[in-house]
Amino acid sequence: MTTYEVESIARVVGGHTRVQDDYQGGVESVIRLNEAYPLETLQGIDEFSHLTVTWRFHLAQPEDVQLHARSPRGNSQWPATGTFVHRNHRRPNQLAVSYPRLLGVEGRDLRVTDLDAVDGTPVLDLAPYFQEMGPRGAVRQPAWPGEMLAYYWRNAAERP
């Protein structure tokens with residue numbers, strides 16, 4: 001296997017304070033760009049409504065990785081699916097991609113909402129979301145992701 005060394009370019013500040021499966025919506029946080037990058041690397045980003053953010057599950061441990069089929073969230077009502085069908089920290093590289101709304105830019109701080117990473121999360125890459133780079137054609141998926149994620153983007157203030 002090929003190994004790559006990747007350094008974080010930013011860090012999540014504020015927002016979610018603990019890892020949870022649902023109620024990720026409505027929470028504001030900041031993506032703070034490392035000082036090693038000039039401010040002009042963000043020039044023009046404020047013209048976009050959403051970002052594409054690649055981040056690492058930094059609270060996960062290597063032993064969390066599960067290379068076998070299992071039911072999502074341990075719910076046997078949903079079919080056992082392979083590691084690369086899940087979108088969580090049990091993946092080999094423990095990486096995630098999110099599409100938060102950009103609320104504003106203040107120096108090195110990108111104020112966002114609906115970012116499902118926790119305070120302190122290292123950001124490996126970010127870019128504006130281009131609609132033209134989204135899925136082409138009809139999107140198809142089985143019923144279980146919709147069932148599983150029915151409360152995922154519910155407002156965090158509604159959390160029971």
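The UniProt annotation "domain: TsaA-like", from an unreviewed entry, covers residues 6–138. UniProt positions follow the numbering used here, feature names are shortened, and annotations may be inferred rather than shown by experiment. The model is predicted: local features need pLDDT of at least 70, side-chain atom pairs count only at pLDDT 80 or more, and totals for chains, interfaces and linings use all residues. Residues are numbered from 1 along each chain as its sequence is written, and side-chain values use heavy atoms, without hydrogens and water. The end C-alpha atoms of residues 6–138 lie 34 Å apart. The span is 0% helix and 29% strand (DSSP runs: helices H or I, at least four residues; strands E, at least two; numbered from the N terminus).

The largest pocket has a volume of about 1200 Å³. A pocket is an open set of points on a 1 Å grid over the protein atoms alone, where a 1.4 Å probe fits, with protein on both sides within 12 Å along at least five of seven lines. Lining residues have an atom within 4 Å of a point. Volume is the space filled by probe spheres set on the points, which are joined across faces, edges and corners. Of the 40 lining residues, Phe 57, Arg 87, Asn 88, Asp 116 and Tyr 152 are the closest to the centre. Strand 3 (51–56), strand 4 (95–98) and helix 1 (144–148) each give two or more residues to this lining. Strand 4 gives the largest share, four residues.

The second largest pocket holds about 320 Å³ of space. Its lining includes Met 1, Tyr 4, Arg 56 and Leu 124.
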